[in-house]
Amino acid sequence: MDYNSSRWRKTRKRILSLDGYKDRVAAMYGRNEEAVIVHHIYPAEEYPQWQYATWNLISVSLATHNKLENRRTGELTEFGKQLQIMIPPFSKWRKANGQRRTII
């Protein structure tokens, strides 16, 4: 995945905007944190067909991203795997009756 590509930069900006630049995972726990990273729920390296899928991208803070993914190996942590269970492929988790909602 080329994180410096024009397509990724546009996608990242769109996802952050969709999520109101807020950490959607922190919001599940009642915390209000600024999001600076767009995380692939299902890693782009393993699921390249979903690398730009809106449902597969979630805005998070650096702290949350470090909890979801092992920064040394790039592998998902147990917390990252739990997020996959909470957000199955193709789910429309951002919208309920046309309104934004939290994941849970």
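Student: Which residues line the second largest pocket?
Tutor: In this predicted model, the second largest pocket is lined by Leu18, Thr54, Trp55, Phe90, Ser91, Lys92, Trp93, Arg94 and Lys95.

Student: And how does that lining divide into nonpolar, polar and charged?
Tutor: Four of the residues lining the second largest pocket are nonpolar, two are polar and three are charged, and the space in that pocket comes to about 150 Å³.

Student: Arg94 is in that list, so what does Arg94 form a salt bridge with?
Tutor: Its partner is Asp19, and the closest N and O atoms of the two are 2.7 Å apart. The pair ties together distant parts of the chain, since Arg94 sits in the loop between helix H4 (78–86) and strand S3 (95–96), while Asp19 sits in the loop between helix H1 (6–18) and helix H2 (24–28), 75 residues apart.

Student: Are Arg94 and Asp19 buried or exposed?
Tutor: Arg94 and Asp19 are both buried.

Student: How many salt bridges does the structure hold?
Tutor: There are five salt bridges in the structure. One of them lies within helix H4, where Glu78 and Lys81 are three residues apart, about one turn of the helix, and their side chains meet at 3.6 Å, N to O.

Student: Why does Glu78 count as exposed?
Tutor: Glu78 counts as exposed because its relative accessibility is 55%, and the cut-off for exposed is over 50%. Lys81, at 39% relative accessibility, counts as partly exposed.

Student: Where does the largest share of its lining come from?
Tutor: Strand S1, residues 37–40, provides the largest share of the lining of the largest pocket, with four residues. Taken as a whole, the lining of this pocket divides into seven nonpolar, four polar and three charged residues.

Student: You mentioned Glu69, so which side chain does Glu69 meet in a salt bridge?
Tutor: Glu69 meets the side chain of Arg71 in a salt bridge, at 2.7 Å from N to O.

Student: And why does Glu69 count as buried?
Tutor: Glu69 counts as buried because its relative accessibility is 17%, and buried means under 20%.

Note on methods: Residues numbered from 1 in each chain as written. Predicted model: local features only at pLDDT ≥ 70, side-chain atom pairs only at ≥ 80, totals over all residues. Heavy atoms only, no water. Helix = DSSP H or I, 4+ residues; strand = E, 2+ residues; numbered from the N terminus. Nonpolar A, V, L, I, M, F, W, Y, C, P; charged D, E, K, R; others polar. 1 Å grid on protein atoms, 1.4 Å probe; cavity = no way out; pocket = protein on both sides within 12 Å on 5 of 7 lines; lining within 4 Å. Points joined across faces, edges and corners; volume = space filled by probe spheres on them. Salt bridge = Lys/Arg side-chain N within 4 Å of Asp/Glu carboxyl O. Buried < 20%, exposed > 50% of the residue type's maximum accessible area, 1.4 Å probe, protein only.
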